[in-house]
Amino acid sequence: MNYETCSDEELIQRLRQGENTIMDYILEKYKPLVRKCANAMYLIGGETEDLIQEGMIGLFKAIRDYRDDRDNSFSSFAYICVNRQLYTAIEASNRKKNQPLNSYVSLSEQSTKNCLGVTSSPEQLVIEQEVWENLWKELDECLSEMEKQVLSYYLKGSSYLQIAEKMEKSPKSIDNALWRIRQKIRQIKQVS
């Protein structure tokens, strides 16, 4: 079947009428969106693949729960469901007691405050503060000047295009710099 000529809303309607092969098509079509959302976050103590699996669960729920009588498109609804599932997974991971390192760093947040989650004791607060300070110290040592500048703009809420304009670089070079930053964060956490 050639599903590419159909809108997502049509495909979902056909899926509900019994064309079960459409499920695989939609899951495959939106997998890049799930990867993008999952790659914007880092689960300390976990793998990006874990987040991608959670995101795929969110996508499945979007397909299951989408209603075309609402004013939003399926793609918007899917984006919301995927992100909610990712945040729910991260929050569940943060609730585990005696695991202060089991938290996340998101490169899509405007603020770095409270990135390590809610603490349940003063001791845990001190440990999380030390973890956060160590992460920033190690990042400061391993990031290039350009990467530091890109990260600074990004954490203040600037888009790729705004950062590229401010730094007089191409958006692709900004995207590459953010990818390198994520990789360096992963390496730091693997060593810790």
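I take buried to mean under 20% relative accessible area. With that cut-off noted, I opened this model, which is a predicted one.

**Entry 1: helix α8**

I started with α8, which spans residues 160-167. Which of its residues are buried? I found Ile163, Ala164 and Met167. Next I looked up how they sit around the axis: they cover an arc of only 100 degrees, so they lie on the same side of α8.

**Entry 2: α1 against α4**

Next I looked up a helix pair. Helix α1 covers residues 8-16 and helix α4 covers residues 48-65, and their axes come within 10 Å. At what angle do they cross? I read roughly 75 degrees. Angles of 65 to 115 degrees count as roughly perpendicular, so α1 is roughly perpendicular to α4. I wanted the residues behind this contact, too: α1 brings Ile12, Leu15 and Arg16, while α4 brings Ile63, Arg64 and Asp65. Sorting the contact by class, I got three nonpolar and three charged residues, with no polar ones.

**Entry 3: salt bridges**

I then searched the whole structure for salt bridges and came away with nine. I kept notes on a few of them.

One of my picks joins the side chains of glutamate 19 and arginine 14, with an N to O distance of 2.9 Å. I also looked up how open glutamate 19 is: its relative accessibility is 27%, so I logged it as partly exposed.

Then I moved to lysine 148. Which partners does it have? Its side chain meets that of aspartate 140 in a salt bridge at 3.1 Å, N to O. Lysine 148 also forms a salt bridge with glutamate 145, where the closest N and O atoms are 3.4 Å apart. I checked where this second pair sits: both residues lie in helix α7 (residues 145-155), three residues apart, about one turn of the helix. Through shared partners, the salt bridges join Asp140, Glu145 and Lys148 into one network.

Lysine 148 has a relative accessible area of 24%, so I call it partly exposed. Aspartate 140, at 47% relative accessibility, is partly exposed as well. Glutamate 145 reaches 61%; the cut-off for exposed is over 50%, so I put glutamate 145 down as exposed.

Key:
Residues are numbered from 1 along each chain as its sequence is written. This is a predicted model: local features need pLDDT of at least 70, side-chain atom pairs count only at pLDDT 80 or more; totals for chains, interfaces and linings use all residues. Side-chain values use heavy atoms; hydrogens and water are left out. A salt bridge is a side-chain nitrogen of Lys or Arg within 4 Å of a carboxyl oxygen of Asp or Glu. Buried means under 20% relative accessible area, exposed over 50%, partly exposed in between (1.4 Å probe, protein chains only). Helices (H or I, at least four residues) and strands (E, at least two) are DSSP runs, numbered from the N terminus. Axes are lines fitted to C-alpha atoms, for helices over the stretch in contact, and angles run from 0 to 180 degrees between N-to-C directions. Angles under 35 degrees count as roughly parallel, over 145 as roughly antiparallel, 65 to 115 as roughly perpendicular and the rest as oblique. Contact means heavy atoms within 4.5 Å. Ala, Val, Leu, Ile, Met, Phe, Trp, Tyr, Cys and Pro count as nonpolar, Asp, Glu, Lys and Arg as charged, and the others, Gly among them, as polar. The arc is that of the directions from the helix axis to the C-beta atoms.
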